[in-house]
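Me: I would like to learn how to read a protein model, one feature at a time. Can we go through some together?

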Amino acid sequence: MKPARWHQIESLYNQALEIDEAHRAAFLREACGSDHDLRRNLEELLAEGPKAESFLEKAALREIAHEFAEAAGSISSSHQYWTGRQVGKFQFLSLLGIGGMGEVYRAHDTKLKRDVAIKILPGEASLDSDRIGRFQREAEVLASLNHPNIAAIYDLEETGGSLFLVLELIEGETLAELLKAGPIPLDEALQIAAQILDALAAAHERGIIHRDLKPANIKRTPEGKVKVLDFGLAKAFAVESVDPAPASLPTLATSSTPGMILGTMAYMSPEQASGISVDRRTDIFAFGAVLYEMLSGQPAFPGQTDSAILAAVIRAEPDWRKLPASTPAGIRRLLRRCLQKDRNRRLQTAGDARIEIDEAGNEPQLDADVLPSAQSRRRLGWRTLALVGLIVVFAAVWITSAVAPVADGSLATEARLELNTGPTTEPVSLAISPDGQKIVYVAGSEGQSLWVRPLDSASAQPLPGTDGATYPFWSPDSRSIGFFAQGKLKRIDTVNGFVQTLATATAGRGGAWGPDGTILFSASVSSPILRLPPDGSDPVAITQLELLGHGSHRYPHFFPDGRHFLYYAQGSSEGLYIGDLDSPERRLWLDTSDSMGGSGWFSSGKVLFLRNGTLFAQDFDPARLALLGTPFLVAAPPPGSLPIRVVSASTNGRIAYRLAPAGGGPRQLAWFDRSGKEIERVRGLDYGIWPQLSRDGRFVAMRTNISGNTDITLLEVGGTTIRFTFDPKIDVRGIWSPDGRR
C-alpha cells in the first residue's frame with residue numbers, strides 16, 4: 001500500500017474517532033463513497049480499538065521508508081545528472097535543496113550574467129499535457145506578483161522532457177535554519193513577521209494563496225530583508241479533481257503522489273488537514289504557527305508521528321506557557337486569533353494581523369520619572385485634575401482642562417473649551433480616548449453613526465461602517481473603538497477603517513476593553529456582564545442577575561489594575577458592584593441608586609459617579625479597592641440647565657461629560673389614524689419618554705426627569721400634569737392595568 005493511501009486511511013480513522021459511534025456508519029458511507037476497500041479497512045481498524053493506532057503507524061512507516069529509499073537513489077542520480085550541465089543559457093552550478101516539489105539548483109544565466117535558482121519539477125509533472133497547461137497558467141499568475149518580500153518567478157522552461165522554473169536566487173538563511181539556534185528575540189521576530197504579512201497581503205489581494213507557508217519557505221537576506229519562497233506553487237502542483245473529498249486529502253510529499261503537496265503537517269490549517277477547500281485564512285493559520293515557533297523556539301503543534309501532528313492541528317491548542325514572559329498581550333492575542341480552529345473566528349486578513357503587530361509595537365509605556373508622587377497627587381486633589389467636559393445638547397461640547405503643577409510647584413490655570421457636534425438623539429453615546437486626545441460620539445440627523453474629533457483639530461471625521469452605533473468605548477491603545485450596531489458588538493480600527501463583528505448583542509448597554517484584550521459588555525436591557533476573551537472565543541457570562549434579584553447589569557468599567565471591574569446593577573440592591581476576572585465574588589461597592597444610570601468611571605486615582613445629575617468623585621485605595629474619605633463635587637450643571645447625563649474619563653485625567661435629557665429631548669404627542677394620518681397634536685411633557693396610553697385614552701404615563709430624579713408622570717390628554725411617583729430610586733416604565741385605575 002502506498003504512503004498516500006496510508007495517510008488517507010489514518011486521517012479518516014482519526015476523524016471517525018471524533019464522531020459519536022452511532023453516527024460513524026453514516027460518516028464512513030459519505031467519506032468513502034464507492035471505495036469499498038477503503039471503508040472495509042476503516043471498519044476493521046475501528047473494531048480493533050487502541051491496537052489500530054500502533055498498527056497504522058508501523059505499517060505506514062514501513063511503506064514510507066521503502067518509498068523514500070527508492071526516492072533517495074533517484075535523487076542521487078538526478079543530482080549527478082544536472083550538476084555542471086549547460087541547459088540553454090543556464091549553467092547548473094550546485095544543488096541547493098530537495099523538497100516535495102522537486103530539486104533546487106544554483107545556476108548562472110550566461111546571457112544576463114546573474115545567478116538564479118532553478119527548480120526541477122518532478123518527472124511526472126512533465127508527462128501530463130493538461131497538467132503542464134494548468135501549471136503554465138498558474139506560473140503566469142505567480143509571475144505577476146511583484147513585491148519586495150516575495151521571491152520572483154522569472155520563467156518556466158522545458159528541455160529534454162524536464163520542466164523547470166527559473167526563480168530569483170535569495171541569499172541568506174531560511175527561517176528554519178535560524179530557528180536551529182533557538183527562539184528569535186521578540187523585536188527581531190516581529191520585524192520578520194511584519195514582512196511575512198506584507199507578502200501575504202500582497203498575494204491575497206491578487207487571489208493567490210501560499211498553502212505551504214513554513215520556516216523552510218521563508219528566507220532572510222544578509223541585509224535583513226525577508227523573502228517568502230514558493231508562493232502559490234502548492235496550488236500549481238495540485239491535481240484537479242471533481243471529488244476533492246478524502247481521496248485528495250493533503251499529505252506529506254512522496255514521489256508516488258504528485259500533486260498532493262498541499263502543505264506541511266505542522267503548519268497546515270485544520271481545514272487544510274481535513275481536505276476541505278481553503279482560502280487565505282489557511283495562510284493566516286500557518287503564519288500564526290510560524291510566529292509561535294519564532295518566539296518559543298518550538299513548533300506550535302509538535303508530535304512524533306504524522307498522525308500525532310495532524311491530531312494536534314485539528315484538536316489541540318499550542319502550549320501558551322512556552323511563549324516568553326515578555327511577550328506583549330497584543331501578540332499573545334494575535335497568536336490566539338491566528339490559530340483559531342474555526343476559520344470563521346480566525347483573523348480574516350493578513351492586513352488585520354499586520355495592524356496587531358504594529359499596535360503591539362506602539363503600546364504606550366508609562367515613564368515613572370514624569371509621574372507626580374502619590375503625595376503630590378493627593379495634595380493636588382481634583383482642583384488640578386485635567387478635565388475635558390463634553391456638554392452637548394444636540395450641538396455643544398465643553399472642554400475643561402487643568403494640568404499638573406508647573407516647575408515652581410504652583411498650580412496651572414484651569415481652562416475650558418467648547419466644541420460643536422452634530423445633532424443626536426443618543427446623549428449617552430460618547431467616549432474620550434484613554435490617552436485623552438480624541439472624543440468619539442454619535443451624531444447624524446439622518447441615520448446616526450460614530451464621529452471622531454481630535455482635541456487638537458477643528459473638525460470631526462465620520463467613521464464609515466458605524467451606522468446605528470451606540471455606546472462606543474475605546475481600546476487601551478486609543479486606536480480602536482468598540483460599539484454596538486445592528487444587534488452586534490463590533491470593533492472599528494480608526495487607522496484603516498476596518499470594521500469587525502465580535503459578538504451578538506441585541507441591545508448593547510456599554511462595554512469596556514481591558515489591557516490584555518478582554519472585552520466586557522452588556523448585550524441587552526436584561527443582560528448580565530459578558531466576557532469576550534482576547535482569543536475571540538464565545539463570550540461567557542461573568543455576573544448573575546438572579547443572585548441579588550437584579551434586572552440587568554450594565555456599563556462595565558475596568559479598574560486601573562485591569563483585572564477588577566465595576567458594573568451597574570439595576571433592580572433591587574441597585575448600585576455599583578465590583579467584580580474580579582479571576583474570581584466569582586461580586587459585591588456592592590457604591591450605592592448609586594439616584595445616579596440616573598449608575599455608571600462609574602476612573603481617572604487620576606479617583607472613581608467618578610453621578611448623583612442627581614451632578615458629577616462627584618471619591619478617593620479609593622487601589623490595593624484594597626476600598627473607598628476612602630467622602631465624595632466631593634467635580635462638576636455641576638449650570639443653574640436652570642439640564643442635568644449631566646453621561647461621563648467618560650481618560651487615563652491622563654481628562655474627563656468628558658454631556659448635559660442632555662434622559663430621553664434625548666422634548667417630545668410632542670399626537671393622535672394618528674390607522675392610515676398614519678395625523679389627526680391632532682396634544683401638549684407633551686418635556687423630556688418624557690416611553691409613553692403608555694391608558695385604555696380609555698384619557699391619560700399617558702411617561703418617564704420623566706424632574707430635578708434630577710427619574711419618576712413616572714401622568715399627562716391628562718388636553719389637561720393637567722400629575723407627578724405619579726416620588727421614590728428617590730429610578731422609576732422606569734409605567735404599565736396600565738386593564739381597568740385604567742392602577
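Reply: We will take a helix, a loop residue, a sheet and one further residue in turn. Keep in mind that this is a predicted model.

Me: Let us begin with the helix. Which residues of α12 are buried?

Reply: First the general idea: an α-helix has 3.6 residues a turn, so residues three or four places apart point the same way. In this structure, α12 is mostly covered, with seven of its 10 residues buried. Those buried residues are G330, I331, R333, L334, L335, R337 and C338.

Me: Now the loop residue. Where is Q340 found?

Reply: Q340 sits in the loop between α12 (329-338) and α13 (350-361).

Me: Is Q340 buried or exposed?

Reply: The cut-off for buried is under 20% relative accessible area. Q340 has 12% relative accessibility, so Q340 counts as buried.

Me: With which residues is Q340 in contact, leaving aside its neighbours within four places in sequence?

Reply: With those neighbours left out, the contacts of Q340 are F285, R345, R346, D535 and S537. For D535 there is more detail: the side chain of Q340 reaches the backbone oxygen of D535 at 2.6 Å. A separate distance concerns P270, which is 70 residues from Q340 along the chain; the C-alpha atoms of the two are separated by 9.1 Å.

Me: Next, the sheet. In what order do the four strands of the open sheet lie?

Reply: Strands of a sheet pair through backbone hydrogen bonds, either parallel or antiparallel. Here the order is β28-β29-β30-β31, and the pairing is antiparallel. At the edges are β28 (600-603) and β31 (626-635), each of which pairs on one side only. From one strand to the next, the twist averages 30°.

Me: How many bridges join strand β29 to strand β30?

Reply: Six bridges join β29 (residues 606-611) to β30 (residues 614-621), and the two strands run antiparallel. To find your place in this pair, look for R611, which stands opposite T614 in β30.

Me: Last, T725. Where is T725 placed, and why does T725 count as buried?

Reply: T725 lies in the segment after β39 (721-723). T725 counts as buried because its relative accessibility is 18%, and the cut-off is under 20%.

Me: What polar contacts does the side chain of T725 make?

Reply: One is with the side chain of D711, at 2.8 Å. Another is with the side chain of D731, at 2.9 Å. Leaving aside neighbours within four places in sequence, T725 is in contact with D711, I712 and D731.

Key: Residues are numbered from 1 along each chain as its sequence is written. This is a predicted model: local features need pLDDT of at least 70, side-chain atom pairs count only at pLDDT 80 or more; totals for chains, interfaces and linings use all residues. Side-chain values use heavy atoms; hydrogens and water are left out. Buried means under 20% relative accessible area, exposed over 50%, partly exposed in between (1.4 Å probe, protein chains only). Contact means heavy atoms within 4.5 Å. A polar contact is a pair of N or O atoms within 3.5 Å; within protein, one must be able to donate a hydrogen and the other to accept it, and residues adjacent in sequence count only if both atoms are side-chain atoms. Two strands pair if DSSP finds at least two bridges between them. Axes are lines fitted to C-alpha atoms, for helices over the stretch in contact, and angles run from 0 to 180 degrees between N-to-C directions.
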